[in-house]
Amino acid sequence: MIFEAAGGYTSNVPIGEAQKEKAILAHSFFGQKLPKEYGAPVRAVIPDRYFYKSAKWLEAVKVASDDEPGFWERRGYSNSADPWKEERYQ
């Protein structure tokens, strides 16, 4: 799954991670619209991965059959981004 955000930012997440019960696409917080500084209009929250996978200011969500490394992954960050395995960098 590819999260496409403002300014050309992208973040890739395995579909299995995006389908977990704790993963969300947030548009509001406690009944109020999500503030711009927190990622409005929509923000991805992928709690089991490093936070660079939780893209703010989403413009599109794309399902892709091939992995497309995101903004940070193209700059040397881990593609899997599992904090429990300390996979921050490649």
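Visitor: What makes the space of about 200 Å³ a pocket?

Guide: The largest pocket holds about 200 Å³. Met1, Val13, Pro14, Ile15 and Asp67 are the closest to its centre, out of 15 lining residues. On a 1 Å grid over the protein atoms alone, a pocket is an open set of points with protein on both sides within 12 Å along at least five of seven lines, where a cavity is a set where a 1.4 Å probe fits but cannot get out; lining residues have an atom within 4 Å of a point. The volume is the space filled by probe spheres set on the points, which are joined across faces, edges and corners.

Guide: This is a predicted model: local features need pLDDT of at least 70, side-chain atom pairs pLDDT 80 or more, while totals for chains, interfaces and linings use all residues. Residues are numbered from 1 along each chain as its sequence is written, and side-chain values use heavy atoms, without hydrogens and water.

Visitor: Why does glutamate 17 count as buried?

Guide: Its relative accessibility is 8%. Buried means under 20% relative accessible area, exposed over 50%, partly exposed in between (1.4 Å probe, protein chains only). So glutamate 17 counts as buried.

Visitor: What joins the side chains of glutamate 17 and arginine 49?

Guide: A polar contact of 2.8 Å. The term needs a pair of N or O atoms within 3.5 Å; within protein, one must be able to donate a hydrogen and the other to accept it, and residues adjacent in sequence count only if both atoms are side-chain atoms.

Visitor: Which residues does glutamate 17 touch, not counting those up to four places away in sequence?

Guide: Ala23, Ile46, Asp48 and Arg49. Contact means heavy atoms within 4.5 Å.
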